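Hi everyone, thanks for making time this morning. Let me put the structure up on the screen, and then I'll walk you through it.

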Amino acid sequence: MRKTYKLYIGGEFPRSESGRSYVVSAADGTPLANAVRGSRKDLRDAVRAARKAFPGWAGRTAMNRGQILYRVAELMEGRRDQFVAEVRQAEGLKPDAAANVVARAIDRWVWYAGWADKIAQVLGSSNPVAADYFNFTIPEPSGVVGVVAPEPSSLLGLVSRLAPPLVAGNAVVVLTSESRPLPAITLTEVLATSDVPGGVVNALTGRKKELVPVLANHADVDAIDVWGVPDELRRDAELAAAESVKRVARRPSGTTDARFDWLDDAASERPEWIAAYLEMKTVWHPIGV
Amino acid sequence: MSESAKLRPWSGDRAPADWGLGDGQAIPWEYAPAPESRDIVTLKSRYGLFIDGREVAAQGGAVFESVNPATEEVLAEVAKASPADVDKAIRAAGRAQKTRWGNLPGRERAKYLFRIARILQERAREFAVLESMDSGKPIKESRDVDVPLVAAHFWYYAGWADKLEYAFPGRVAKPLGVAAQVIPWNFPLLMLAWKIAPALAAGNTVVLKPASTTPLSALLFAEVCRQADLPPGVVNIVPGPAAIGMHLVSHPGVDKVAFTGSTEVGKLIHKATAGTDKAITLELGGKAANIVFEDAALDQAVEGIVNGIYFNQGEVCCAGSRLLVQESVQGPLIEKLKDRLSTIRVGDPLDKNTDVGAINSKAQLEKITELVASGVEEGAEIYQPACDLPDRGWFFRPTLFTNVAQSHRIAKEEIFGPVLSVLTFRTPDEAVEKANNTPYGLSAGIWTEKGSRILWMVRQMRAGVVWANTFNRFDPTSPFGGYKESGFGREGGMHGLHAYVRLERR
């Protein structure tokens, strides 16, 4: 039986309101499925769902968020074979290589999940101001983050970019890999059965050329990850982001989406990727009897 | 204190006027027993030592009994470690540290610790019931406080195992080696977690000696280690008397000593490391001041005071055992406190309604009784709510002393029981003076609605943990430990890692 791959918005799996789809092929050219071609309206719905889910997710205790994301790893483990098969088809990998990619993706959730209750300890501070004030700085999530997922790395790249804003407490709208979207949709099925509340992650498949400008222009998106934005769209996306003062997260300079080595833990496991979606709040309080 | 509440010790609730009981009359109901089932715990008749991944008998076959302090029944026989057993455990730990655990990448150590946390969550109720049976603490505390914190602790440090470079920027954190850990009987499993989780996360292996009155949860934890496929020798557990603890910490094969217990024993352990390269942390006694200012929310403060001193029968090193109350609110506060005391339910630790369970041992009960007698003798005014105590087992009524002078033994010595000494002050400076007038410095409590005063008091307190408008809060992310003779080093949080690493240049 063939599977229908759909969008993931607000904890549900709708087709596009536009009724459109596009053919997704395996790395060897074999047609695999019709993926939904998400529309401008779908994206706006996704942002609305994310905004609605944000306060609840940000309001969870850090430990609770960490446990929930760890459980995503546990559930992926249970679907390991399915992910391996899909990554293999999508990326044209040998079985061992695909299995390794999936194992790294599971470990990556665990690594980032562990940060949930530590990032504030590493990035926050108590500031010895030169007066009788208690002054401290705490990180808080930015809000709604748009993630344009890496194009070639359909699962590991996606997880590596999705986990950082999530562990920080943001709600996310993801534009999946356009040419290899299927593992991402299977990941949303994992998220839907995990304890990640509906709307915290929303995923759209479709044409980046059509959707990136909408995401970058959306005034209710607080930050955008332009990692997977095609080069020819990136400058315009960042110009649009500036209009509503979005935080822009980029690839490290000198790297390319096509050749980034996601299997390199040191390159892909970075607390600064979490910090990219955090605001720092400083509190002053007088000291005196 | 109204007469009605004295007559009906179980019922602090006041009846509404239309109940026909008379206005403000205490409701004459009692709580039906609500015992937690013991079926979830399968006690073995005999527990061995846990050395090198296996349960083994002590050399020479010596055993001791672990007793349920609420019933005085023997729960099980436990192998009593000999010095030779401890030597064996230290060798196993050293081997495991050098050949396996110390070389494992942090991310692999993390996986074991996450797995342990998960198993502890899965077996939470079993641990809670066993802990209450062996220690006497009420099930609602072991179930809602101890065991969840235990799992959370492993969880938190699991996440550090592969992130040590971020805890110590610019330095490389190496494990110390073998950690000798000696823990007390008041929070048997929680103290185990505080000790083992950071040690393992940083790449050390451990030999842990649980208290001789509460070894069972540690031995059940040994089973969890096996379930989690933890490599043999990484965790070793050697129950036994105090002398075995001294043998353990004095052993040349040990690189790090961690102790929680009395200041008296802490000093001996500190001396045992003198002249060696052993790293050491001590978490010792306390005589915390819980300070209530006149502008405090009194009802909230009463709850905090009760939680501060009657939590875990007062057998808590950071217990708020000295209540410092501003003179102007002494009257109403003490009245509210006595009223609240009459609602405290003392009895079967496994009853879900029990607030104060059994005192951990006969010796401890005798110590409490003796100190309370000294309070009466020295002229303090005693108050105890009228409540029935079970016929068997070791129990003590929640006790409140007023008219306490700073020179009284009950104001100076750590009682480690449900006994509160009330002193008064007039000015903030006097509160500071009295609060710090102790060789201890573990914790302090401050009750005021004025934020700037809280922070001013925080600055004055010579104590490692200061609770403001709350008391006895614990979290794996939050460092805990004392000033002065309450010990040194911190457990919990990022600071808790320091105790288990050697920092080298990159």
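I'll start with the model and its confidence, then go through the two chains, their contact, and a few single residues.

First, the housekeeping. This is a predicted model, so local features need pLDDT of at least 70 and side-chain atom pairs count only at pLDDT 80 or more, while totals for chains, interfaces and linings use all residues. Residues are numbered from 1 along each chain as its sequence is written, and chains are lettered from A, with ligands numbered from 1, in the order in which they are written.

On confidence, the model scores ipTM 0.89 and pTM 0.93. Please treat one stretch with care: over residues 1–11 of chain B, pLDDT stays under 50.

Now chain A. It has eleven helices and ten strands; these are DSSP runs numbered from the N terminus, with helices being H or I of at least four residues and strands being E of at least two. How does its radius of gyration sit against that of a compact globule? For 289 residues the rule gives a value near 19 Å, and chain A has 19 Å, which agrees. The rule here is 2.2 Å times the number of residues to the power 0.38, and the radius is taken over C-alpha atoms. Along the principal axes, the C-alpha trace of chain A spans about 75 × 40 × 35 Å.

In chain A, 49% of the residues count as buried. By that I mean 20 or more other C-beta atoms within 10 Å of a residue's own; exposed is 12 or fewer, partly exposed is in between, and C-beta atoms are placed from the backbone. Of the chain A contacts between residues at least 6 apart in sequence, 76% join residues at least 24 apart. A contact means two C-beta atoms, placed from the backbone, within 7 Å.

Chain B comes to 17 helices and 20 strands. Its 506 residues would give a compact globule a radius of gyration near 23 Å, and chain B has 23 Å, so the two agree. The C-alpha atoms fill a box of roughly 75 × 50 × 40 Å along the principal axes. Of the residues in chain B, 56% count as buried.

So where do the chains meet? The contact involves 21 residues of chain B and 19 residues of chain A. On the chain B side, the elements that give two or more residues are H3 (106–122), H5 (139–161) and H16 (451–460). H16(B) gives the most, with six residues.

That brings me to helix H2 of chain A, residues 62–78. Its 17 residues reach 25 Å from first C-alpha to last, close to the 24 Å expected at 1.5 Å a residue, where the expected span is 1.5 Å times one less than the number of residues. Its buried residues include A:Gln67, A:Tyr70 and A:Met76. The buried residues of H2(A) pack against H3, H4, H6 and H7 of chain A together with H3 and H5 of chain B.

Over in chain B, the buried residues of H12(B) are B:Leu333, B:Leu337 and B:Leu341. They cover an arc of only 70° around the axis, which puts them on the same side of H12(B); the arc is that of the directions from the helix axis to the C-beta atoms. As a reminder, an α-helix has 3.6 residues a turn, so residues three or four places apart point the same way. The cover over the buried residues of H12(B) includes S12, H11, S13 and S15 of chain B.

B:Met133 is found in helix H4 of chain B and is buried, with 27 other C-beta atoms within 10 Å. B:Met133 and B:Pro349 are 216 residues apart in sequence, and 7.4 Å apart C-alpha to C-alpha.

Then there are two loop residues. Most residues other than glycine have a negative phi. B:Asp52, in the loop between S2 and S3 of chain B, has a positive phi near 55°. B:Asn469, in the loop between S18 and S19 of chain B, has a positive phi of about 55°. B:Asn469 counts as partly exposed, with 16 C-beta neighbours inside 10 Å.

Notes:
pLDDT is the predictor's confidence in each residue, from 0 to 100.
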